[in-house]
Amino acid sequence: MSSEDRRAELAARLAKVRARIVAACEEAGRSRQEITLIAVTKTFPASDVAALARLGVRDVGENRDQEAALKAVAVAASGVDVRWHFVGQLQSNKCRSVATYADMVHSVDRLSLVTALDKAAARRGRPLDVLVQACLDPDDGPKRGGLPVPELPSLAAEVAARDGLRLVGVMAVAPLGADPAPAYRRLAEASGRLRETYPEAAVVSAGMTGDFEIAIRHGATHLRIGSALLGGRPPLG
Ligand SMILES: *Cc1c(COP(=O)(O)O)cnc(C)c1O
């Protein structure tokens, strides 16, 4: 596909997603201004990130450090400026690299990551925005990261206590093969409780291609959308 055809495809997909977001906001009685669209570009090239940025997408998500680090360099070299969100499961030994390009890390679910990210943020000399990740799938166990909702406040307190980190909210992935609505309701409740102590921690990162309208209905502020914007990925991408 030529780059012009790809640009046109991305523009058409983006227009559709934006229209669905507007419709879901209207139905939920929410303002479109409350919603940030994050384009999850994993497995897709830096040229797609640049094309989306030129179409007005300012927030980009990745789930693997190695891929993200290379892409961030390539995107910066192409002269476009985006905010990078790290949304995947993270290991402590990757935190130093992640902090070199990420503006927000969504997937903080244990103390060792808090410590490593704080150190990495100090090294880069600029605070890092952090979301604590909840596991909404207690029956199946935390296969895709996150910690049980009752344990969020203590981890949030650890984040809030670090000079290098800013606690900005919560994140979750919907349970596989289950109705996302009750899960997103629990996330919204957890977010409300957290904001009683940390009023500025207002981000609710929830909603992907398959369920973002439901996430909007239940208070999501940041949508992580991949395939609806970029097309299908190879399996396990
Ligand atoms: C890949 C990914 C997404 C986007 O998934 P789509 O279904 O393609 O929209 C969102 N969040 C996380 C954590 C991901 O890894």
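Biologist: Is Glu 67 buried, exposed or partly exposed?
Modeller: Glu 67 counts as partly exposed, at 24% relative accessibility. Please bear in mind that this is a predicted model.

Biologist: Which residue forms a salt bridge with Glu 67?
Modeller: Lys 71 does, with the closest N and O atoms 2.7 Å apart. Both residues lie in helix 3 (residues 65-77), 4 residues apart, which is about one turn of the helix.

Biologist: And Lys 71, buried or exposed?
Modeller: Lys 71 is buried, because its relative accessible area is 6% and the cut-off for buried is under 20%.

Biologist: What about Asp 103 and Arg 126: how do their side chains meet?
Modeller: They meet in a salt bridge, at 3.5 Å from N to O. Asp 103 lies in the loop between helix 4 (95-101) and strand 4 (104-108), and Arg 126 in the loop between helix 5 (111-124) and strand 5 (128-135), so the pair ties together parts that are 23 residues apart in sequence. Asp 103 is buried, at 16% relative accessible area, whereas Arg 126 is partly exposed, at 41%.

Biologist: Where in the chain are Arg 20 and Glu 213?
Modeller: Their side chains meet in a salt bridge of 2.8 Å, N to O. Arg 20 is in helix 1 (residues 3-28) and Glu 213 in helix 8 (residues 212-217), so this pair links distant parts of the chain, 193 residues apart. Arg 20 is partly exposed, with a relative accessible area of 33%, and Glu 213 is partly exposed too, with 25%.

Biologist: How many salt bridges does the count come to?
Modeller: The count comes to 13. Arg 6, Glu 9, Arg 13 and Asp 48 are linked in a network of salt bridges.

Biologist: A change of topic: what is the phi of Thr 43?
Modeller: Thr 43 has a positive phi of about 75 degrees, although it is not a glycine. Most residues other than glycine have a negative phi. Thr 43 is found in the loop between strand 1 (36-40) and helix 2 (46-54), and is partly exposed, with a relative accessible area of 34%.

Biologist: Finally, the whole chain: how many helices and strands are there?
Modeller: There are 9 helices and 9 strands. The radius of gyration is 17 Å, close to the 18 Å that the globule rule gives for 237 residues, so the chain is as compact as a globular protein of that length.

Biologist: What share of the residues is buried?
Modeller: Buried residues make up 51% of the 237.

Notes: Residues numbered from 1 in each chain as written. Predicted model: local features only at pLDDT ≥ 70, side-chain atom pairs only at ≥ 80, totals over all residues. Heavy atoms only, no water. Helix = DSSP H or I, 4+ residues; strand = E, 2+ residues; numbered from the N terminus. Rg over C-alpha atoms; globule rule 2.2 N^0.38 Å. Buried < 20%, exposed > 50% of the residue type's maximum accessible area, 1.4 Å probe, protein only. Salt bridge = Lys/Arg side-chain N within 4 Å of Asp/Glu carboxyl O.
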